[in-house]
Amino acid sequence: MSISVGRKINPKASSLGAIDGLQAEKHFGNFYMGMLVGYRPDIVDYTFNRDLSQYGGYIGLKGENKSLYSQTTLGVMEQDNNGNVDRRYGYFQHSSTIGQKLTLFSSFELDLYNKVNSDSMGDIRLTNLY
């Protein structure tokens, strides 16, 4: 089990960016699960902003042998702004290294809830694809 406190980018959820807070992860053989609780940095000057809270969790699978390393993570997050739900979404991330010569990375996010200009939207929509 690993626990970290402070500002950190979680490699199993790199599309989330830096998180100021608590991150914990537990491994069960090739499976793992984790949780994130904290705050997003301010979008203007990247300083700590307690109005931008977020929390979520993830599960994943890691595989490794002589010629292949892979890691796949599936998670959900809720981000608040001043105590109000700003965004709820699921994310998927996968990375593989095949034979030390080829590295693949993919990531996507699906909004489950989003608030834009005081309008709440519950439609599922793809918001990030890499």
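**Note on buried salt bridges, strand pairing and nonpolar clusters**

1. R87 is buried, at a relative accessible area of 16% (buried means under 20%, exposed over 50%, and partly exposed in between, with a 1.4 Å probe and protein chains only). The model is predicted, so to speak of local features a pLDDT of at least 70 is required, side-chain atom pairs count only at pLDDT 80 or more, and totals for chains, interfaces and linings use all residues. Residues are numbered from 1 along each chain as its sequence is written, and side-chain values use heavy atoms, with hydrogens and water left out.

2. R87 has a salt bridge with E109, in which the closest N and O atoms are 2.7 Å apart (the criterion is a side-chain nitrogen of Lys or Arg within 4 Å of a carboxyl oxygen of Asp or Glu). Strands here are DSSP runs of E with at least two residues, numbered from the N terminus. E109 is buried as well, at 6% relative accessibility.

3. A salt bridge also joins R87 to D111, with the closest N and O atoms 2.6 Å apart. Because D111 lies in strand β7 and R87 in strand β6, the pair ties together parts that are 24 residues apart in sequence. D111 counts as buried at 1% relative accessibility. R87, E109, D111 and R125 are linked in a network of salt bridges.

4. The salt bridge count comes to seven. One of them is formed by the side chains of E25 and K12, at 2.8 Å from N to O. E25 lies in strand β2 (residues 18–28) and K12 in the loop between β1 and β2, so this pair ties together parts that are 13 residues apart in sequence. E25 is buried at 10% relative accessibility, and K12 is buried with a relative accessible area of 10%.

5. Strand β3 pairs with strand β4 (residues 53–64) in the antiparallel sense over nine bridges (two strands pair if DSSP finds at least two bridges between them). M33 has I59 in β4 as its bridge partner. Strand β4 is also antiparallel to strand β5 (residues 68–81), over eleven bridges, and Y58 stands opposite G75 in β5. β4 and β5 form a hairpin with three residues between them.

6. The largest nonpolar core has nine residues: A13, L16, I19, Y32, L36, Y58, M77, Y89 and Y91. Both β3 and β6 supply at least two residues of this core. Such a core is a set of buried Ala, Val, Leu, Ile, Met, Phe, Trp, Tyr and Cys residues joined through side-chain atoms within 4.5 Å. In soluble globular proteins, nonpolar side chains tend to be buried together.

7. On the surface, a nonpolar patch is formed by M1, I3, V5, L22, M35, V37 and Y55, with about 710 Å² of accessible area together. Patch residues have over 30% relative accessible area and no salt bridge; like charges are joined within 9 Å, and nonpolar side chains (Val, Leu, Ile, Met, Phe, Trp, Tyr) within 5 Å. The areas come from the Shrake-Rupley method with a 1.4 Å probe, and for residues only the protein chains shown count as cover. β1 (2–9) and β3 (31–39) each supply at least two residues of the patch. V37 lies in strand β3 and is partly exposed, with a relative accessible area of 39%.

How values were computed:
Helices (H or I, at least four residues) and strands (E, at least two) are DSSP runs, numbered from the N terminus.
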